[in-house]
Amino acid sequence: MTTIIETSIYSQTLDELLETQQLPEEIVQKKISAIQKFEELGLPSMKHEEWKYTYLAKVFKKGFTPGIQTNNNNNYSERIKEYLPAISSDKNRLVIVDGIFSKEFSQINTSTEYHISSLADAWENNIQTATELFTSITKQQDRALTALNSALCQDGVFIEVADECTAQIELLLIHTGQMQMSMPRILIQIGVNGYLSIAEQVILLENSSFSNVVSEIKTAEGAMIEWVKIQDPGANMYHFDSCYVQQATKSNYHCTTVSLSGELIRNNQFIEIQGENAHADLGGISILDNKEQTDNLIIIRHSAPNTTSNQLYKNILNGESTGVFNGKIVVDQIAQKTNAFQSNKNILLSDDAAAFFRPQLEIFADDVKCSHGATSYQIEDHELFYLRSRGISKELSRSLLMYAFAADVVEEIEDTLLREGVKSKIASKLKIEF
């Protein structure tokens with residue numbers, strides 16, 4: 001079931017975009033196709049199984065509007081700079097402000113090992129890979145927000161890592177809170193045995209903001225990507241993040257999502273494991289309060305034999321917050337010898353907090369090892385006894401138990417600096433000082 005909405009404003013915005021932006025004809029046709037698909041689909045309602053606990057239409061009624069964005073951030077320059085500590089000249093920092101790549105605040109190390117640019121520049125310079133990759137993994141645009149992003153994205157990031165090469169990137173998604181919809185697109189292609197590390201932060205400067213990010217990632221044989229997403233924009237942020245990943249033989253995709261605040265954060269991961277001996281590892285920890293909500297949708301399809309995947313998502317929920325986990329593992333008939341595991345665990349710190357989970361398996365092969373499970377519980381006094389008996393206060397004891405609960409998600413981060421940085425943020429959220 002879908003919710004019918006007024007779509008003329010979105011079509012009008014696309015018309016304005018196509019008039020003002022020089023795009024390859026292939027991109028123009030893809031955008032026209034995408035807006036048609038969005039108008040056909042409408043917004044999913046809560047009767048749609050993937051949106052059962054998230055009222056999307058309510059978000060669209062809050063007054064966020066599509067429009068042609070500019071990179072004129074003079075009123076916010078000083079505030080943006082507060083989030084940009086000095087980095088060495090060999091580092092890459094990519095800054096997207098309200099959906100537009102900022103050359104002023106970004107730093108790109110020129111290297112023959114990789115190509116990094118704004119998506120708008122890649123299209124303007126007719127970089128064929130950037131044109132071909134756009135919508136190649138999202139395919140038929142059968143999800144409304146993805147179709148809307150495909151139609152209205154003006155800019156974003158294009159990353160291409162050469163064979164046997166390495167790239168490390170700091171990515172900042174900054175929102176000024178101007179009530180316009182932000183729709184950046186991130187396109188990534190990694191060559192044979194290439195490695196890409198991304199440390200991402202979502203930042204809201206003031207007021208309220210709507211962000212709809214879509215990423216398409218294509219890996220060659222033996223490629224690896226590690227993506228750490230830190231989502232702590234504060235209240236009044238509506239952030240929708242969809243990653244589409246296509247994995248080749250022996251490739252490795254590892255994504256850890258840390259959600260520490262936000263009115264509504266929706267994380268979608270759609271993984272196609274198409275090559276033998278490839279592995280996908282997805283983890284997430286949400287620590288929420290008040291009426292905040294995170295909604296994680298994870299769909300991993302194993303389409304080749306001898307592949308593995310692992311999902312571990314946890315929520316620590318206080319106040320009237322809500323955590324949603326909807327995970328699915330699909331094993332095609334050809335995908336024999338698949339090992340796939342899925343787990344969701346929740347701690348409820350108040351009677352008004354809620355956790356909803358729906359782990360699923362669809363297995364069409366007969367020689368596999370797959371499991372899934374979900375738990376939800378509260379911290380009991382007997383669990384605090386050991387720490388309390390050592391003179392630690394009840395409040396700190398609870399925080400330490402929650403920190404330990406989150407640790408096994410964070411420990412999977414391979415990059416030491418990233419891992420320690422995430423640990424520090426979680427400790428700060430739980431008011432723990434080490």
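Q: Which residues have the most contacts inside the largest nonpolar core, and how many residues does that core have?
A: Happy to start there, bearing in mind that this is a predicted model. The core has 39 residues, and Ile159, Leu171, Ile188, Leu196, Ile225, Trp227 and Tyr253 have the most contacts inside it. In soluble globular proteins, nonpolar side chains tend to be buried together.

Q: What does Leu196 touch beyond its sequence neighbours?
A: Leaving out residues up to four places away in sequence, Leu196 touches Ile159, Val161, Ala167, Ile169, Ile188, Ile190, Met224, Ile225 and Glu226. There is also a second, separate core of 24 residues, with Leu14, Leu43, Leu145 and Met181 among them.

Q: How many aromatic pairs does the structure hold, and what makes the pair of Trp51 and Phe240 tilted?
A: The structure holds 11 aromatic pairs. For Trp51 and Phe240, the centres are 6.4 Å apart, with 40 degrees between the planes. Pairing needs centres within 6.5 Å, and planes under 30 degrees apart would be stacked and over 60 edge-to-face, so 40 degrees leaves this pair as tilted. The two partners come from distant parts of the chain, 189 residues apart: Trp51 in the loop between β2 and α3, Phe240 in strand β13.

Q: Why do Trp51 and Phe240 count as buried?
A: The cut-off is under 20% relative accessible area. Trp51 has 7%, so Trp51 is buried. Phe240 has 1%, so Phe240 is buried too. Both also belong to one aromatic cluster with Phe60, Phe64, Phe210 and Tyr238.

Q: Why is the pair of Tyr377 and Phe405 called edge-to-face?
A: Their planes stand at 85 degrees, which is over 60, and their centres are 6.4 Å apart, so the pair is edge-to-face.

Q: Is Tyr377 buried, exposed or partly exposed, and what about Phe405?
A: Tyr377 has a relative accessible area of 33%, between the 20% and 50% limits, so Tyr377 is partly exposed. Phe405, at 7%, is under 20% and therefore buried.

Q: How do you know that a charge sits over the ring of Phe405?
A: The charged end of Lys314 sits over that ring, 4.4 Å from its centre, and the distance limit is 6 Å. Likewise, Arg266 lies over the face of Trp51, at 3.7 Å from the ring centre.

Q: Why is Thr338 called buried, and where is its place?
A: Thr338 has 0% relative accessibility, under the 20% cut-off, so Thr338 counts as buried. Its place is in the loop between β19 and β20. A polar atom of the Thr338 side chain lies 2.7 Å from the backbone oxygen of Ala335.

Terms used:
Residues numbered from 1 in each chain as written. Predicted model: local features only at pLDDT ≥ 70, side-chain atom pairs only at ≥ 80, totals over all residues. Heavy atoms only, no water. Helix = DSSP H or I, 4+ residues; strand = E, 2+ residues; numbered from the N terminus. Buried < 20%, exposed > 50% of the residue type's maximum accessible area, 1.4 Å probe, protein only. Polar contact = N/O pair within 3.5 Å; in protein donor to acceptor, adjacent residues only side chain to side chain. Core = buried A, V, L, I, M, F, W, Y, C linked by side-chain atoms within 4.5 Å. Contact = heavy atoms within 4.5 Å. Phe/Tyr/Trp six-rings, centres within 6.5 Å; stacked < 30°, edge-to-face > 60°. Lys NZ or Arg CZ within 6 Å of the ring centre and 35° of its normal.
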